[in-house]
Amino acid sequence: MENLNIKIIGLGEGGAHAISKMIAAGVGKNNGVEFIAIGNDENVMLTSSARKNIFLNRDITTIYKNITDALGNTKLIFLVGGLGSNAARASVPIIISRAKNCGAVIVAFVCKPFVLENSLRKNNAEYTFTNMLGNVDTLFSVPVEKFFVFRINQPQVSLTELFDVADDIFCNGVEIFLNMIAESDSSLALLKWGNAAFGYGEGETALTAIKVAARFPTLESNDIADAEGIFVRLIGGRNLSSGAVELANNFIRERLRADAEFFSQVDTDKNLGDKIFASIILTRKLIRD
């Protein structure tokens, strides 16, 4: 993969924690990725594992310069964090402006605030979400409540635990995208899905794995049926047979609109052993809250 000068940016406290987890997990270690944390909580920023930390408790001119200097002439930007943070509200318009100037693609993985959170965070989220729509190339926005499903067997779940779930899911999402472009000669066109959704899962067969991915909790029941385009990636510990791949692909095709675009990719990862890993990325109808 050619050098795309990739930046992964953590927005606010949640974003800083998320990218620290990504760094610990080795996300992007083979892609020349640089991690940047942006926020106004000094304690959080000082404990971030990011190579570069940008504080927001300064004048807007300095903030603008620090962010644009940090982005440089990057060609691919991942945004990760909560939409309700002051950091997201302040920095996202600047990041979008810089991306347009240097022709960079933006992929965002963000959480919408918990329904009981205060009005300031809700207003921040609405403002930032509106700024992102049509200005970032792929936008995955997930309400925090969705992550309860991943802890359904626990009698009580804290917000901290929900954000831990979000970190893990977004970490996997970023890695899926990085692997996708690594296997496709850096085609940035594959990263442009607009308002989007994704799912992933494992199984003993390609068909089982794709069924798990299609039922991923952050996907809505009609997301696949309504999608204008969908990307399916299958990874096996050994070479996958063409028949197994076709069964999995047909499972998705049969649920798509007749005019929907369908893309498929197959790879091998010896670390998976006998398991198959499937991931799905799709366009999603925009439904405003």
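In which strand is the place of S141? In this predicted model, S141 lies in strand β6, which covers residues 138-143. The residue is buried, its relative accessible area being 9%, and that value falls in the buried class because the class takes in residues under 20% relative accessible area. When residues up to four places away in sequence are not counted, S141 touches V110, K112, F129 and R284.

L71 is buried, with a relative accessible area of 1%. Residues up to four places away in sequence again being left aside, L71 touches N5, K7, I9, I77, I95 and R98. One of these contacts, I9, is 62 residues from L71 in sequence, while the two C-alpha atoms are 9.6 Å apart in space.

L71 also takes part in the packing of α3 against helix α4, as one of the residues of α3 that meet α4. Helix α4 consists of residues 86-102, and the two helices pack at an angle of about 45 degrees with their axes 10 Å apart. With that angle, α3 is oblique to α4, and the crossing of the pair is right-handed. On the side of α3, the contact involves I60, I63, Y64, I67, T68 and L71, which meet S91, I94, I95, S97 and R98 of α4.

Another helix pair is formed by α7 (residues 206-214) and α9 (residues 242-253), whose axes are 8 Å apart and which pack at an angle of about 25 degrees. The angle makes α7 roughly parallel to α9, because angles under 35 degrees are assigned to that class. The crossing in which α7 passes α9 is right-handed. From α7 the contact draws on A206, L207, I210, K211 and A214, and from α9 on A244, L247, A248, F251 and I252. Nine of the residues in this contact are nonpolar and one is charged, whereas no polar residue is included.

The burial of α7 can be described in turn. Its buried residues are A206, A209, I210 and A213. Viewed down the axis of α7, these buried residues fall within an arc of 95 degrees, so they line one face of the helix. The elements that cover the buried residues of α7 include strands β7 (194-203), β8 (229-236) and β10 (276-283), together with helix α9. Among the buried residues of α7 are A206 and I210, which also belong to the contact with α9.

Key. Residues numbered from 1 in each chain as written. Predicted model: local features only at pLDDT ≥ 70, side-chain atom pairs only at ≥ 80, totals over all residues. Heavy atoms only, no water. Axes fitted to C-alpha atoms, helices over the stretch in contact; angles between N-to-C directions. Helix = DSSP H or I, 4+ residues; strand = E, 2+ residues; numbered from the N terminus. Parallel < 35°, antiparallel > 145°, perpendicular 65-115°, else oblique. Left-handed = near helix turned anticlockwise from the far one by under 90°. Contact = heavy atoms within 4.5 Å. Nonpolar A, V, L, I, M, F, W, Y, C, P; charged D, E, K, R; others polar. Buried < 20%, exposed > 50% of the residue type's maximum accessible area, 1.4 Å probe, protein only. Arc of directions from axis to C-beta.
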